[in-house]
Amino acid sequence: MKNEATLYDVLNHLPDGVIMLDERGVLLFANEAFTELIGHESSLLVGLNILSLLANVDVFHACIQQVTREGRSIDAETDFLHRDGSIVRTVKSVRMIRNDQDVRFFVNIRNLTETNLLNKELRRSKELIEYQAQELSTLLNSKNQELEEILGSIDEIIWYIDTKSFALRYVNNAVEMIFGFNRDAFLSDSDLWQQRIHPDDRALVRTFFETLVPGLSQEIRFRIHHSNQELRWLSSRIHHHPKLNLYIGITRDITEHKTQSDEITFLAYYDPLTMLPNRAKLKLQLESRIEHSAGTPFALLLLDLDNFKNINDTMGHEVGDQILIEVSRRLLLAKEEHDFCARFGGDEFVLLLQNADPIEIGHFCTRLTEHFKNPFTVNDISFYLSHSIGITFYPQDAFIGEDLIKHADTAMYEAKSKGRNQFVYYHTSMQRAIHNFLHIESLVRDGLTHHLFELYFQPLINSKVLELEGFEALLRLPHPTEGFVPPDTFISVAETNGDILSIGDEVLKQACDFIEILRPLRSKPFFVAINISAKQLHQEHFSRELLDYLHQRSIPTSFLKIELTESAVMENIEIASAQLAQLKAGGIRIALDDFGTGYSSFAYLAQLPIDTLKIDKSFILTLFEIDSHRHIVEAMSNLAHVLGMSVTAEGVETLKHFDFLIHRQVDTLQGYHLCRPLPKTEILRLIKAEAPYFTSSGL
Ligand code: C2E
Ligand code: CA
Ligand code: CA
């Protein structure tokens with residue numbers, strides 16, 4: 001009991017109106033904010049049916065039905081009738097609470113303040129109408145000859161109909177302007193006025209008449225079709241005159257006011273920057289499309305600008321805003337008339353396309369990319385923007401809007417990972433990606449259980465003396481049915497599912513086996529470099545265990561080198577630097593692999609105990625195609641030397657590469673031009689045959 005009292009207390013102090021209804025719509029509770037909102041006293045409200053307080057019964061009915069059907073809370077706009085007859089525009093959210101046997105509806109009502117300012121305006125004009133209505137009744141009573149003339153000069157429609165037949169008995173000239181038919185047309189066809197009412201509003205109008213209290217006047221708003229088929233909003237103040245058996249009314253055109261209140265709706269549902277519908281509007285649009293689709297498919301595209309944050313951060317928000325405006329303009333240009341385009345948030349846009357043919361959508365995305373190719377110019381500075389698009393289809397991919405967006409988001413992220421200006425279909429491509437992943441995963445598992453993994457070794461050649469320095473260990477998965485699975489593919493799968501840890505152990509074991517075989521054959525030092533993934537590096541005891549393992553096998557640490565990519569290091573720089581320090585202290589050398597492809601700051605990396613910089617092969621392979629690459633290679637090499645690191649170039653495929661690199665102080669060379677990665681037995685054979693590079697005096 002005590003709890004209940006406190007709860008009501010709290011509810012009473014909420015700024016929002018709160019009411020509780022039973023399943024018939026009878027008010028069980030109304031808080032103070034609500035009573036204030038509609039001008040009635042709480043004690044009078046309890047026990048009333050909510051329907052008597054509503055300006056539009058149908059909307060509320062529909063809302064309650066939806067809540068009952070779907071069980072979730074629903075938001076909708078509702079017009080309540082104020083005690084003074086005015087309309088109070090609100091947004092309400094209805095929640096259903098089901099006890100053992102009782103159903104209760106909890107309704108939260110928020111006053112749309114701006115709209116109510118507008119209503120004040122309406123109220124004022126209504127007062128005027130009321131005044132005129134009084135005048136009218138005086139005139140009617142006096143049955144003055146001047147009556148017709150005076151009524152004819154009023155802008156509002158003045159009329160009366162029979163309470164039983166609803167037949168129009170009288171109407172003034174103003175009807176012509178508002179309905180577009182002349183007065184005689186209405187008088188000769190006494191049902192015409194009803195036919196012009198918008199079909200969706202007819203029931204509302206009829207109920208209004210049926211519930212009109214004799215002797216009182218009330219207001220109703222509804223839509224009609226003008227003779228030119230234009231939709232108009234009318235407001236009628238109607239008086240039931242029981243003695244005369246007449247409904248007497250004054251009707252005025254409020255289309256303009258309605259437009260104004262539509263402007264307020266605009267603010268709630270549109271993005272003021274781009275003028276596109278916002279996320280709330282998108283939600284409504286999706287709901288209504290799905291509700292009325294009858295299963296007709298449509299496509300949802302989620303478009304995200306690439307690197308927009310950079311522009312915002314470096315050029316300022318004003319420039320960012322201008323670009324967003326231009327983006328929305330280009331989107332509107334690209335879409336078809338009935339397609340829907342919303343700004344979803346920040347730099348994300350959503351398009352709903354009627355045409356749900358995946359191939360057509362593909363063409364659409366390509367066209368969009370074309371539209372984006374022209375630079376975006378703000379303050380005479382040109383920006384080139386790319387985007388990533390995720391695509392989902394209703395109903396194939398999801399039945400509800402939220403899920404469609406979620407899936408589009410997933411697909412969009414995949415698009416991002418593929419590079420710039422990419423689009424990805426959720427369903428098919430995700431399915432394919434998942435299918436591929438599972439397939440590769442099963443091959444990796446086969447590899448681990450049946451010991452299929454085999455290390456190959458690619459020689460690393462000292463560029464000054466052209467002698468073997470060491471090897472890079474590169475893993476192969478020769479599968480009995482699938483052939484050689486490319487390492488790039490299986491490594492990334494194994495990194496995702498964690499199998500990389502077992503693979504890493506296998507690699508270390510085989511690398512050590514190789515070192516053990518080679519050690520007696522060679523008096524000069526050499527090393528085997530193994531590739532280490534981020535997952536391995538970030539294992540808490542990675543360095544300790546590696547050092548212990550070498551110790552256990554009595555292999556000096558100088559025989560092992562590890563290769564790490566910039567991104568593996570940057571993933572968690574604290575952990576990485578601690579591990580590296582420990583490895584370094586233990587005597588293991590460290591190479592930074594694929595250098596130049598990451599985004600990390602070199603100054604940062606320079607503080608780590610790195611021995612060698614491996615210039616990524618993409619620079620070497622295109623040394624003579626891309627001029628800048630020759631400068632970059634030279635600069636990277638100089639920089640590394642200044643910092644006391646040695647430099648390795650991988651991907652030395654041709655004699656030309658080789659010639660260029662040996663004259664640029666690159667210390668170590670690796671590539672097909674020198675030797676491909678080979679199995680252990682092949683390497684041993686080359687050594688025995690004293691093949692070039694393997695024939696140093698040390699061997
Ligand atoms: P990576 O570490 O950058 O290895 C160098 C890759 O370049 C190897 O590809 C090698 O075969 C290839 N390569 C060598 N010389 C040339 C050349 O002249 N031209 C061209 N076009 N390519 C050359 P591979 O063996 O396919 O390995 C691909 C990637 O897979 C490696 O790139 C590495 O990231 C990963 N990987 C391979 N083995 C292991 C491993 O044992 N553990 C881990 N974590 N990753 C590995
Ligand atoms: Ca490597
Ligand atoms: Ca590499």
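In this predicted model, Leu 661 touches Ile 620, Leu 623, Val 633, Ala 649, Val 652, Val 666 and Leu 669, leaving aside residues up to four places away in sequence. Leu 661 belongs to the largest nonpolar core, which has 78 residues. Phe 471, Val 528, Ile 530, Ile 562 and Leu 661 touch the most other members of this core. Helix H19, spanning residues 500–518, gives the most to the core, with nine residues.

A calcium ion (ligand 2) is coordinated by Glu 472 (OE), Asn 531 (OD1), Glu 563 (OE) and Asp 593 (OD). The distances are 2.2 to 2.3 Å. Along the sequence, these donor residues follow the spacing E-x58-N-x31-E-x29-D. Distant parts of the chain are linked here: Glu 472 sits in strand E19 (residues 467–479), and Asp 593 in strand E23 (residues 589–595), 121 residues apart. Glu 472 has a relative accessible area of 4% and is therefore buried, under the 20% cut-off. Asp 593 also counts as buried, at 6% relative accessibility.

Elsewhere in the chain, Asn 31 occupies the loop between strand E2 (27–30) and helix H2 (32–38). Asn 31 is buried, with a relative accessible area of 0%. A polar atom of the Asn 31 side chain lies 3.0 Å from the backbone nitrogen of Phe 34.

Definitions and conventions. Residues are numbered from 1 along each chain as its sequence is written. Chains are lettered from A and ligands numbered from 1 in the order in which they are written. This is a predicted model: local features need pLDDT of at least 70, side-chain atom pairs count only at pLDDT 80 or more; totals for chains, interfaces and linings use all residues. Side-chain values use heavy atoms; hydrogens and water are left out. Helices (H or I, at least four residues) and strands (E, at least two) are DSSP runs, numbered from the N terminus. Buried means under 20% relative accessible area, exposed over 50%, partly exposed in between (1.4 Å probe, protein chains only). A polar contact is a pair of N or O atoms within 3.5 Å; within protein, one must be able to donate a hydrogen and the other to accept it, and residues adjacent in sequence count only if both atoms are side-chain atoms. Donors are N, O and S atoms within 2.8 Å of the metal (3.2 Å for Na, K and Ca); water is not among the atoms, so sites may look incomplete. A nonpolar core is a set of buried Ala, Val, Leu, Ile, Met, Phe, Trp, Tyr and Cys residues joined through side-chain atoms within 4.5 Å. Contact means heavy atoms within 4.5 Å.
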